[in-house]
Amino acid sequence: MTKNYLLEIGLEEMPAHVVTKSVNQFAQRAEKFLKENRISFDSVEKFSTPRRLTILVKGIAEKQTDIDVKAKGPSKKIAQDADGNWTKAAQGFARGQGMTPDDIFFEELKGVEYAYIQKHEDGQKVETVLSHMDEVIKAITFPTRMRWGSYDFEYIRPIHWLVSLLGTEEVPVKILDITSGRMTRGHRFLGEDVEIDDADNYVAKLKSQFVIVDAKERKQIISDQIAKIAADHDWDIDVDPDLLEEVNNLVEFPTTFAGSFDKKYLEIPEEVLITSMKDNQRYFYVRDQAGKLAPYFIGVRNGNTEHIENVIRGNEKVLVARLEDADFFFKEDQKKTIADYVEKLKSVNFHVKIGTMYEKMARVHQIAKHLAKLFKLDATETKDLLRASDIYKFDLVTSMVDEFPELQGVMGEKYAEIMGETKAVAQAVREHYMPISAEGALPASKVGAALAIADKIDSLVTFYAVDLIPSGSNDPYALRRQAYGIVRILDNYQWSMNLEDLQDFLKANLTVPAKLDLGKNEKTINEFMIDRVRQLLNQKDIRNDIVDAVASGSNVDPIAMIDVAEVLQNHVKDDDFKVVMEALGRIVNLSKKAKFGYSDDLTVDDSLFENPSESQLKEQVAKVNDDNAEDLFKQLAALRPVIDSYFDENMIMAKDEKVKNNRLTQLVIANHLIANLGDLSKIVTK
């Protein structure tokens, strides 16, 4: 007969962002523990609030499953002496299995006889196994941990109580000086301690004490209450899922309420208002039916409706204080010019080993000027890009961004427009931070995209120049995200940018202090960027062997690498793909026997030809155009019959040194074109 098992960890209030992840981990670790201990069960349900992490194991078996074990011991010649007596090795083996040497039998394995013991293990009662659930509790990991009292034990917050029930019976589990029982705690202000008489009554018992332990139920209550408020007032409320998740993990008994603020604050940019409400106070903002921000907000209280008016007034007072500060900063910031702020950047460090933010902008201006030509921006776009590169960090020293750091770029755009910059320049000031996460939104304008690339290139090469290079999971300056952002932007705009040519330009033209050696880690930077191309190709579901081939090739232009990978992926199902790869692969492999590499002045001597296929290969290779990946693949694929004939008719490593080198020259020239498709030896054709 199965029962249900309840295990609750009672804690001081946890940060909202760890609650859901922690209870999910709790359930996963519990499932693993039970399976490893041969305890069958139907399912594991999860419950959580800021003060508790709980699992309810449904349909748990009464005992472990019985097992029959066939244990392997030493070989027969070690287990018995010449007279057939049991050796100490055999006796120790038997003793270790809880048996005697009389239980040993021999079986042959790969021509050698070994000692074995067959034994039956009865499963332990489930209560015995569950008494070790403290192992699961201790195994849960958290982003931050703390100690309390005189204990060395660390956890997200101090543990205050434990509940461990198998049906109606207690199963003792101990953590430090806390032994589990059946007493849990109700709402901190509205409820009382309550005894859980049966694991199945857990949810109902706590609900009677104003604790809704089902996170999904709590979230639905909040959503329904917000929907009702919106309907009653004809409001449009954006129920952001991340904010809803966070608020849900801040309360045990939610009550939603509406507050208001003076309309005069609507003159502040709405991004500031939304940040004040959403990010700082965890409020949902309100729009009217026309889509305009309205002077109201929705909050969620951890409690019931009693004295809700006082709660509303208190929240309004806190929000207004923030809005007053924002209003003051907004007006004060506009008393200075962009030039004033740019001047202040001369005393703001980008990084102590690299220089100031002002110096960074000067370098980015040089990079942006180069990229404008490379990306073929028109005159207006180039003008806007260069102007944006001269000012784009100015808002970092405004009072508003000092108070609300998450608004950097956003306020730069607002102030730039107010202070007379073109819309394109202002937009680029905001977009240069993008993408702000690995898969975040990309700049919508060419000017913003080019500025974003220029800024990220500068960060990448200067940090590498002072050996601040990501290692393992350590990447304090988010260089992986920035490099991946460069690749994603290039892909989005189909902009070509050869990494080796770029670094040559930077070394020759970028004005940097003597301490910054831009050539120091040049190869490492290229490899780092190519790894980001790999990352993007994996996101596009390109075959692993194709990704390896492209990443190992001679091409160091991200967009060209991406194009080639997509072309190869599109052709893998062609009927002749295998034979084409094999033909091209023969050229790749044999060209490696040449003691010389490719150069533009490499020539083939027609007078040394001995077979028609040599002339045919030379003529056909000369016609191949490598400007377009799709065309290049098709032209190389069309060479297959010529390549086959060439290898059928000619001995590449001929005895005549001149003939041999002439044929190797043909292969090196052909391989130079093939290399644009990557290292084809890595393509799997089986």
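Let's start with helix α16, residues 423–431. Its buried residues are V425, A426, Q427, A428, V429 and E431. Buried here means under 20% relative accessible area, with exposed over 50% and partly exposed in between, using a 1.4 Å probe and protein chains only. Helices are DSSP runs of H or I with at least four residues, strands are E runs of at least two, and both are numbered from the N terminus. What do the buried residues of α16 pack against? They pack against α13 (379–391), α15 (410–418) and α17 (446–465). Contact means heavy atoms within 4.5 Å.

A word on the source. This is a predicted model, where local features need pLDDT of at least 70 and side-chain atom pairs count only at pLDDT 80 or more, while totals for chains, interfaces and linings use all residues. Residues are numbered from 1 along each chain as its sequence is written, and side-chain values use heavy atoms, leaving out hydrogens and water.

Next, strand β7, residues 159–166. Seven of its eight residues are buried, so β7 is largely enclosed by the rest of the structure. Strand β1, residues 3–11, runs antiparallel to β7, joined by seven bridges. Two strands pair if DSSP finds at least two bridges between them. L7 sits opposite S164 of β7. On to strand β8, residues 169–170. It pairs with β7 in the antiparallel sense over two bridges. There, L165 faces E170 of β8. The β7–β8 hairpin has two residues between the strands, and G167 takes a positive phi near 65°.

Now the open sheet. Four strands, in the order β13-β15-β16-β14, pair antiparallel. Why is one side of β13 (236–237) and of β14 (254–260) left without a neighbour in the sheet? Both stand at the edges, each with a single partner strand, so one side of each has no neighbour there. Seven bridges link β14 to β16, residues 293–302, and the two run antiparallel. F257 has G299 in β16 as its bridge partner.

Last, a helix pair. α22 (residues 558–571) and α25 (residues 629–638) pack at an angle of about 50°, with axes 9 Å apart. Axes are lines fitted to C-alpha atoms, for helices over the stretch in contact, and angles run from 0 to 180 degrees between N-to-C directions. That makes α22 oblique to α25. Oblique is what remains after roughly parallel (under 35 degrees), roughly antiparallel (over 145) and roughly perpendicular (65 to 115). From α22, D563, V564, V567, L568 and H571 meet A629, E630 and F633 of α25.
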